[in-house]
Amino acid sequence: MGQAVKSPAGSSVKWLLSGQNPAESSMKPPRQKLIIENRSGLFDMDWSGLWEYRELLFILVWRDIKVRYKQTAIGVTWVLLQPLITMLLFTAIFGYMAKVPSDGVWYPVFVLSALLPWTYFAQAIARSGESVVVNGRLVGKIYFPRLLLPLAMIVTPLVDFVLSMILLFGLLMYAGIPLTWKVSTLPAFILLAMLTALGLSLFTSALNVKYRDVGHAIPFVVQVWMFASPIVYPVSLVPEQWRWLYGLNPMAGVIEGFRWALLGRAAPDPVVMAESVVVLLIVLIAGIVYFRQMERQFADIL
Amino acid sequence: MSEIVVRVEGLSKQYRIGARQKDPGTLRDHIVANLKSLLRRNGHGRLRESAGSENSPEHAGTSDKFWALKDVSFEVRQGETLGVIGRNGAGKSTLLKMLSRITQPTRGRIEIDGRVSALLEVGTGFHGELTGRENIYLNGTILGMKRAEVTRKFDEIVAFAEVEQFIDTPVKHYSSGMYLRLAFAVAAHLEPEILIVDEVLAVGDAAFQKKCLGKMEGVAKEGRTIFFVSHNMPAVTRLCGRVICLDGGKLCRDGASHEVVKAYFHSELGTMSSREWPDSLRAPSGEVARLRAVRVCDENGQSTEKIDIRRKVGIEMEYEVLKPGYKLMPAVCLYNEEGVRLFDSLEHDPAWRGRVRTPGRYRSTAWIPGNFLAEGTMFVNVGIDTVEPEIAQFYERQAVAFMVIDSCEGDSARGDFAGLLPGVVRPLLHWSTAFTPESIQTEPMMSGPQTRC
């Protein structure tokens with residue numbers, strides 16, 4: 001018999017081989033039956049559904065990227081300009097005026113190496129938070145695993161991120177900081193950022209469908225979060241006794257990792273890293289469960 | 001006998017109506033409301049609703065729940081084209097949404113054997129900034145086709161839509177006709193085993209609708225199973241061998257298309273010639289006008305189902321005007337048994353035409369002259385638009401119906417002819433004949449029945 005696989009609309013999809021006698025089944029391929037009914041399982045996750053709809057994921061990402069770059073005349077330049085200006089601003093305020101220490105690294109490089117993953121994270125959170133609501137018409141008219149929506153919005157800001165890395169590499173060259181093998185670990189850290197963003201946005205996108213003020217609160221939360229992350233200051237500035245609390249922020253781990261990989265300084269604080277990963281996984285799994293529960297109501301509300 | 005591909009058993013869907021379900025409140029309101037109820041419960045030892053809040057807690061009464069679909073069961077075999085008809089709000093769209101996995105049933109189950117593609121709207125996912133070419137890929141993938149499939153059918157799709165010249169211009173520059181054609185073209189080239197179509201044909205001009213119908217017939221001929229929901233009765237009888245009728249969420253009829261459609265018209269709901277909406281929440285309504293009742297009446301003002309062909313018949317609309325300062329345009333549309341639209345009539349009462357209406361209850365009657373309509377059953381749609389700006393307030397299809405009867409007493413348009421008289425109208429015309437007595441060479445008499453043209 002086939003396995004029981006749960007379908008994304010909260011209903012259970014049992015893939016069975018329809019009962020045919022062996023003589024017949026050599027002629028026709030076995031048909032698969034789909035059963036739709038009310039199920040409220042807690043942990044149903046339709047992996048096969050996500051795989052089946054993978055092309056839709058690509059198309060959603062492609063659509064978003066294409067539309068974004070079609071509409072802006074400045075387009076690519078803006079992607080580079082934004083982090084550049086922010087970096088200059090922060091350097092002026094925090095680097096020179098406030099004289100925030102930066103672990104011995106030249107401040108602009110110090111802050112930019114954190115700004116880039118942060119900008120990616122902030123954009124991913126913002127976009128996927130509203131992804132379900134923005135695509136409301138689609139949700140009401142077509143069936144597809146709804147998880148693809150926040151998932152797609154996690155992927156699209158990567159394009160901006162990769163482009164802005166050019167700026168960072170340029171700056172590193174200018175500062176005379178060599179690139180080592182550690183740079184190859186960067187994708188791992190970005191993956192951490194992606195998963196954090198995904199976990200969080202599974203909550204926010206689902207909540208936002210029912211309660212629209214969640215969407216409005218996100219920008220504010222992101223702002224506050226930025227200062228809770230070691231962007232303008234290093235983790236070493238955080239008093240020892242509070243570092244464990246600080247490490248609960250997964251982005252702290254991501255940024256530490258980035259700095260370690262790019263700037264060749266001291267290894268990241270292992271406590272912070274470990275905490276980040278653990279928190280991230282918890283949020284992700286809880287997010288998936290929550291999203292799947294709420295998914296059933298989306299079409300009814302939107 | 002072909003196998004069963006869709007089996008629906010005891011399918012039911014419950015919704016909560018009103019602000020609760022549709023309009024999301026804010027998280028803050030929700031939390032506050034729950035806190036309030038918690039405090040009240042502690043304070044008074046019993047539960048009380050928090051008045052006015054959109055998110056008042058669960059115990060705020062059960063009147064805000066209703067069954068969009070209740071206990072629907074039927075089976076569909078491979079290759080069948082099943083029509084789904086019923087009034088607005090009967091549950092047709094809910095059924096389709098559940099079949100296409102968009103929404104989850106409250107009770108019951110559906111078993112489906114085969115790939116399903118649902119066409120609940122044309123142009124879903126189309127993005128104005130992208131070109132026709134890009135939108136074909138976008139829409140095709142959204143509808144479930146693989147990229148390779150879209151590429152393979154690309155030229156056919158463009159040819160069907162007749163937009164070869166404009167395929168690389170952004171869709172926001174397309175005319176509405178082109179947009180529709182392209183959207184339908186993509187959808188028309190889906191190759192699912194089971195296709196679900198919801199009133200898609202209601203949009204577009206006559207040429208477009210004809211094309212859609214033709215394509216659907218093609219799909220049916222290929223042996224695919226089709227679910228077709230429409231108000232377009234001629235399309236339903238043309239495409240579907242079998243029709244199910246939904247009413248108030250329940251399956252009320254299931255059988256051969258002509259029979260079910262006919263029965264739907266000569267309805268089971270008691271008198272078809274009078275309909276009322278006593279509950280103002282359920283009445284068809286826009287912001288300015290709300291329909292309360294529609295009646296068919298004879299020349300004496302009596303509500304009646306049967307009208308003598310020689311006598312005038314009145315379609316009476318009772319409606320309320322809710323806001324001041326608007327001019328209204330009430331309209332009545334008549335269809336015959338075959339779904340042919342006989343005419344639309346807009347209000348011409350000189351006392352009210354072009355005048356701003358003060359809020360209140362109105363009763364407008366449109367009088368159709370006697371000796372004009374043909375025999376048979378007539379179905380009436382009613383609607384009201386505001387004039388400036390032109391906004392539809394409501395449009396109630398098949399609100400009432402009546403039968404036109406000719407008792408063959410000799411003074412109607414058929415005169416002494418007792419046979420089948422075709423024609424969508426049957427006016428009693430004035431004939432004038434002049435006669436000149438002269439000797440004429442007589443022709444041999446024709447034998448056999450006369451043929452009339």
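Q: In what order do the four strands of the open sheet in chain B run?
A: This is a predicted model, where local features need pLDDT of at least 70, side-chain atom pairs count only at pLDDT 80 or more, and totals for chains, interfaces and linings use all residues. Residues are numbered from 1 along each chain as its sequence is written, with chains lettered from A and ligands numbered from 1 in the order in which they are written. Strands here are DSSP runs of E, at least two residues, and helices are runs of H or I, at least four, numbered from the N terminus; strands pair if DSSP finds at least two bridges between them. The pairing is antiparallel, and the order is β10-β11-β13-β17.

Q: Which are the edge strands of that sheet?
A: Look for strands that pair on one side only. Those are β10 (274–276) and β17 (360–368) of chain B.

Q: Which residue stands opposite B:Val313 in β17(B)?
A: Strand β13 (residues 313–321) of chain B is joined to β17(B) by nine bridges, running antiparallel. Across from B:Val313 sits B:Ile368.

Q: How many residues does each chain put into the contact between A and B?
A: Two residues are in contact if their C-beta atoms, placed from the backbone, lie within 7 Å. On that basis, chain A gives 37 residues and chain B gives 41 residues.

Q: Which element gives the largest share of the side of chain A that touches chain B?
A: Elements giving two or more residues to this side include β3 (33–37), α3 (54–71) and α14 (270–301) of chain A. The largest share is eight residues, and they come from α3(A).

Q: What is the bridge partner of A:Glu37 in β4(B)?
A: Five bridges join β3(A) to strand β4 (residues 107–113) of chain B, and the two run antiparallel. In β4(B), A:Glu37 is partnered by B:Arg109.
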